There are 2 protein chains.
Amino acid sequence: MKTMGMSQLALVAPRGYPCAEATARASGADDVLARAEIHTTVLDAVRNCGCVLATSSRTRNIPWPIIRPAQAAAELLRSARSGTSAAVLFGPEHAGLKNSDMEFCNAVIEIPATPAFPSLNLAAAVQIVCYELRKAVMESAGSTVGQATGAPGATADQIQLLYQLLERYISQIGYYHPGKPRLLMRRLKRMFNRLQPDQNEYNILRGILAAAEKAARKK
Amino acid sequence: MKTMGMSQLALVAPRGYPCAEATARASGADDVLARAEIHTTVLDAVRNCGCVLATSSRTRNIPWPIIRPAQAAAELLRSARSGTSAAVLFGPEHAGLKNSDMEFCNAVIEIPATPAFPSLNLAAAVQIVCYELRKAVMESAGSTVGQATGAPGATADQIQLLYQLLERYISQIGYYHPGKPRLLMRRLKRMFNRLQPDQNEYNILRGILAAAEKAARKK
């Protein structure tokens with residue numbers, strides 16, 4: 001949960017707390033564990049929450065609305081933004097949540113596991129829900145995915161020049177005959193368009209083409 | 001990965017295999033582990049794959065295109081549907097992938113962790129990527145859209161051959177000196193990886209390289 005930017009952990013009737021093994025396993029995130037709220041009942045833990053969602057892999061016989069993790073994240077965020085806390089309830093590793101625990105929940109999150117082997121462990125379920133929450137937070141913050149190539153992209157003009165140089169070169173070496181159908185050039189252009197080279201890469205490609213022309217001219 | 005409906009695991013140079021502890025920990029999914037392919041190198045493992053995506057939390061000098069898990073899932077699915085295998089590459093728990101391992105990759109998947117604590121463990125990273133894949137599979141299961149048109153992708157083997165031909169050619173024409181730092185080749189490889197040529201495009205590129213070599217040799 002810490003990797004996904006979350007820090008408010010509440011534990012209900014933990015078997016042992018603090019627990020040396022748990023602290024050791026939380027390496028790097030032990031601050032979250034150390035600051036956990038401890039409650040004796042689920043109701044205590046969610047008392048101040050507006051939206052409470054449960055997670056369960058046994059959704060067959062329950063009368064709660066079933067929602068997917070992404071939808072759950074949106075609802076939790078909306079609730080939190082409205083000024084009321086929101087919570088996701090996870091059950092113990094093997095037993096899962098009891099029906100009595102679910103009474104405080106607005107809906108049940110179903111992680112779309114394969115029916116043949118739906119038994120996610122607790123850590124996996126927490127990871128997925130927190131991941132969807134992180135995505136929802138980032139999307140709503142207007143964050144854009146970084147196009148990671150450091151250099152600015154080649155301009156359309158530069159790409160046009162590359163086409164021309166390439167066409168001249170492959171004509172020169174006899175790979176391409178301008179009289180023939182222009183399917184080859186169209187395919188090459190499609191490749192370049194997909195490539196979206198940056199300035200460094202554009203310079204490399206121009207350099208290779210220049211060297212290639214020179215090498216072919218010397219014959 | 002089994003909970004998300006995936007079964008094809010490949011291990012590269014595992015420290016011990018089979019490993020009693022690993023088998024015990026895989027409880028319920030030990031069949032996936034037992035059927036794992038074992039390879040000595042990353043290239044061996046991805047040899048027949050069209051789309052190869054890496055996961056990494058480290059910033060690198062030469063940035064690969066960075067994509068989000070959901071986009072990665074869509075690309076992997078498209079590649080697999082076109083008839084060529086697709087793969088996601090995960091590094092060892094602490095060290096992560098080496099630069100040399102990334103040379104076979106088309107892009108790097110960045111899980112949107114919080115910058116303050118971005119260190120997902122291996123299991124968490126695998127869970128998130130597999131979850132997005134499962135979502136993509138389920139979403140596309142109902143729709144007739146997304147069936148790949150066009151030729152199957154070039155394989156990693158074919159791309160390796162292209163690198164070798166290109167390196168030989170640009171050495172031949174004096175654009176590249178193998179003695180010099182290998183940054184240029186890495187940049188070119190990154191471009192090819194991003195391009196993900198299909199079989200037709202692969203044939204065009206090979207054809208141009210063959211013609212170029214011939215033209216330079218005649219001088």
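User: How many residues does the contact take from chain B and from chain A?

Analyst: In this predicted model, the contact takes 56 residues from chain B and 58 residues from chain A, where contact means heavy atoms within 4.5 Å. Local features need pLDDT of at least 70 and side-chain atom pairs count only at pLDDT 80 or more, whereas totals for chains, interfaces and linings use all residues. Residues are numbered from 1 along each chain as its sequence is written, chains are lettered from A in the order in which they are written, and side-chain values use heavy atoms, without hydrogens and water.

User: Why is the pair Arg190(B) and Asp198(A) called a salt bridge?

Analyst: A salt bridge requires a side-chain nitrogen of Lys or Arg within 4 Å of a carboxyl oxygen of Asp or Glu. The N to O distance between the side chains of Arg190(B) and Asp198(A) is 3.7 Å, and therefore the pair meets the definition. The count between chain B and chain A is four salt bridges.

User: Why does Asn106(B) count as buried?

Analyst: Buried means under 20% relative accessible area (1.4 Å probe, protein chains only). Asn106(B) has 6% relative accessibility, and so counts as buried. Asn106(B) lies in the loop between α5 (99–102) and β6 (107–109) of chain B; helices (H or I, at least four residues) and strands (E, at least two) are DSSP runs, numbered from the N terminus.

User: Which residues are in contact with Asn106(B), leaving aside its neighbours within four places in sequence?

Analyst: Among them are Cys51(B), Val52(B), Trp64(B) and Arg194(B). The side chain of Asn106(B) reaches the backbone nitrogen of Val52(B) at 2.5 Å.

Methods: Buried means under 20% relative accessible area, exposed over 50%, partly exposed in between (1.4 Å probe, protein chains only). A polar contact is a pair of N or O atoms within 3.5 Å; within protein, one must be able to donate a hydrogen and the other to accept it, and residues adjacent in sequence count only if both atoms are side-chain atoms.
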